[in-house]
Amino acid sequence: MCIMGKPLNKAFENLGKGGYGGVWAPLFCRSGSLLHEQVMDAGEAWRIALEEASATLPLAREDIDLLRDFGELLGKSDRDMQQAVLAMEKEKVSVMERKAKEEAETTGKLYRNLGALLGAAAVILLI
Amino acid sequence: MDKASHLYALDRLRSYLPDRINRVVGRMASEEAAGLEELRINAGMPLMGVFSGFDRFIAEDGSLTGRSEKAFYVSREEVEELFYRLCEHSVYAYQDDIARGFLTLKGGYRAGICGKAIYQGQVLKGFKDISSVCIRIPRELKGCAEPIFPFVKAGRHDIYNTLILSPPRCGKTTLLRDLCRIISTGSERADFAGVRTVIVDERSEIAACYRGVPQNDCGPRTDVLDGCRKAEGIEMALRALSPAVIVVDELGTGQDAENIKMAWNAGVRIVATAHAYDIGDLKERLGFGILIGMGGFERYIVLGMRNGKRWIKVTDAYGNQLYTDQAAGLHDGVFRLHGHGAEIFREAESQAACAAEVQGHPSVPGE
């Protein structure tokens, strides 16, 4: 069995540059480079990169906060603990994803109704 | 390693240190910094430097002091921060090293770690609540084995099975590393073509691999089995790496002796070290008799120190002395041939612990 056990800065870089990161690629790249400079811990590097990228990411404040908290636990424990942390965070993200979908549906319905109403109003005005 | 190289190594090390400690080390006078061999960083304790044969506390202004109350004190948080920095903020990536009690860093530094041990069943899994870190600054002495290499060489493509003996901290591993470098690289001077070499580096001290890359020059034909136990490493090397020479450090058990025999049966030469004052000392150990005498090691390199002066001798399997460098001692001895002048004087002095251990033993060859 081979364990790569890459340090976070390398792992982030790989995610950022390897084409796995999608819209998150710049966030991973930035975190990796901040960490590489060794002047801050993983949580701080992640937080700074996240703050910098938040304007360009399609996320609510609540999502940003969740991701920031996740950074605090990175790299500070052994493999088992890291896996447990990642599993927990994954769980949290899926809950948020579910909520976002529900919200999108509700808001989507509202916009659809609003669209119909505005359409009707326009027709009335034009008649 | 000359003064400039050592200071460069220290500068690289400083990038790992938390800010306050970094500043204190940066304030040390360059003469003193050049002699720094170990930095001992304990939570709630004074910062300590180990120099050539002595240790001193380091004060906030970088000066050395023997009085702890004048020293710079390290906080628990700083030790923790240092630990995370040494692990590149990725504890999981280093957890196997941590379980062994040390980390090998880029540049070949070795950081010993102390803290509360965590066991999983009978297996030491790691440490938590890190209480101290001891960073050893590496000293690679290229060329130190050149004077003795002609006595180790058996032909243009062959060497003798060689065992290096000495008490702790007399330079066994340094000599072994340089022998390995010459065996792998080859030597025009000694008319030796380099041969394939495998290092079974159980304690990561010979090659000092950092993420798979040897930080010390061990030669271009060298493969390193880093952190691998000798028994498994020798077997793996024989099976998969087709070496002409296997290099191992610190033989100590009867099992090691069996593994060496196995390599010999496969036609592979062995260069190894062992803690011993002389051949007789090693012979008495359980299981080691089979390695000594006829059919055993063919060359013995014995290192020692008397009155702060090093000596070295090379003998064959029959005890015939082939080479010795003892009369002139330290300044004019084998370490002169490193070509590092006063640096070597310090290097040798630094291992004064060795002299204490040699006391009471026949410390000069032939005595």
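Two strands count as paired if DSSP finds at least two bridges between them. The legends below apply this to a predicted model.

**View 1. The antiparallel sheet of chain B.** Seven strands of chain B make up an open sheet, in the order 4-3-2-1-7-6-5, with antiparallel pairing. Its edges are strand 4 (64-65) and strand 5 (102-104) of chain B, each of which pairs on one side only. Strand 1 (residues 38-42) and strand 7 (residues 123-136) of chain B run antiparallel and are joined by 5 bridges. Within this pair, B:Asn42 has B:Ser132 in strand 7 of chain B as its bridge partner. Helix 4 of chain B lies across strand 1, strand 5, strand 6 (110-120) and strand 7 of chain B. The helix runs at about 105° to strand 7 of chain B.

**View 2. Strands 2, 3 and 4 of chain B.** Strand 2 (residues 48-50) and strand 3 (residues 55-58) of chain B are antiparallel, with 3 bridges between them. Here B:Gly49 stands opposite B:Arg56 in strand 3 of chain B. Strand 3 of chain B is also joined to strand 4 of chain B, by 2 bridges and again in the antiparallel sense. B:Ile58 has B:Leu64 in strand 4 of chain B as its bridge partner. Strands 3 and 4 of chain B form a hairpin with 5 residues between them. In the turn of this hairpin, B:Gly62 has a positive phi of about 90°.

View 3. An open sheet of 8 strands in chain B has the order 16-13-17-18-10-19-20-21 and mixed pairing. Strand 16 (222-226) and strand 21 (321-325) of chain B are the edge strands, each pairing on one side only. From one strand to the next, the twist averages 15°. Strand 19 (residues 299-306) and strand 20 (residues 309-316) of chain B pair in the antiparallel sense over 8 bridges. In that pair, B:Gly304 stands opposite B:Trp311 in strand 20 of chain B. Helix 7 (residues 172-185) of chain B packs on the sheet. Among the strands that helix 7 touches are strand 10 (162-166), strand 17 (245-251) and strand 18 (269-275) of chain B. The direction of helix 7 makes about 170° with that of strand 18 of chain B.

View 4. B:Arg181 is placed in helix 7 of chain B. Is B:Arg181 buried or exposed? A residue is buried if 20 or more other C-beta atoms lie within 10 Å of its own. B:Arg181 is buried because 24 other C-beta atoms lie within 10 Å. Leaving aside residues up to four places away in sequence, B:Arg181 touches B:Lys142, B:Asp217, B:Cys218 and B:Gly219. B:Arg181 and B:Gly194 are 13 residues apart in sequence, and their C-alpha atoms are 9.1 Å apart in space.

**View 5. Two loop residues with positive phi.** Most residues other than glycine have a negative phi. B:Glu88 has a positive phi, near 55°, and is not a glycine. The residue is found in the loop between helix 4 (76-86) and helix 5 (95-100) of chain B. B:Glu88 counts as buried because it has 24 C-beta neighbours inside 10 Å. B:Ser204 likewise has a positive phi, of about 55°, without being a glycine. B:Ser204 lies in the loop between strand 13 (197-201) and strand 14 (209-210) of chain B. With 23 C-beta neighbours inside 10 Å, B:Ser204 counts as buried.

**View 6. The buried side of helix 2 of chain B.** Which residues of helix 2 (residues 19-26) of chain B are buried? They are B:Ile21, B:Val24 and B:Val25. These residues lie on the same side of helix 2 of chain B because they cover an arc of only 95° around the axis. An α-helix has 3.6 residues a turn, so residues three or four places apart point the same way.

**View 7. The contact between chain A and chain B.** Chain B gives 11 residues to the contact, and chain A gives 15 residues. On the side of chain B that touches chain A, 4 residues are nonpolar, 5 polar and 2 charged.

**View 8. Chain B as a whole.** Chain B has 13 helices and 21 strands. Of its 367 residues, 46% are buried. Among contacts in chain B between residues at least 6 apart in sequence, 63% join residues at least 24 apart.

Technical notes: Residues numbered from 1 in each chain as written. Chains lettered and ligands numbered in written order. Predicted model: local features only at pLDDT ≥ 70, side-chain atom pairs only at ≥ 80, totals over all residues. Contact = placed C-beta atoms within 7 Å. Nonpolar A, V, L, I, M, F, W, Y, C, P; charged D, E, K, R; others polar. Buried ≥ 20, exposed ≤ 12 C-beta atoms within 10 Å, placed from the backbone. Helix = DSSP H or I, 4+ residues; strand = E, 2+ residues; numbered from the N terminus. Arc of directions from axis to C-beta. Axes fitted to C-alpha atoms, helices over the stretch in contact; angles between N-to-C directions.
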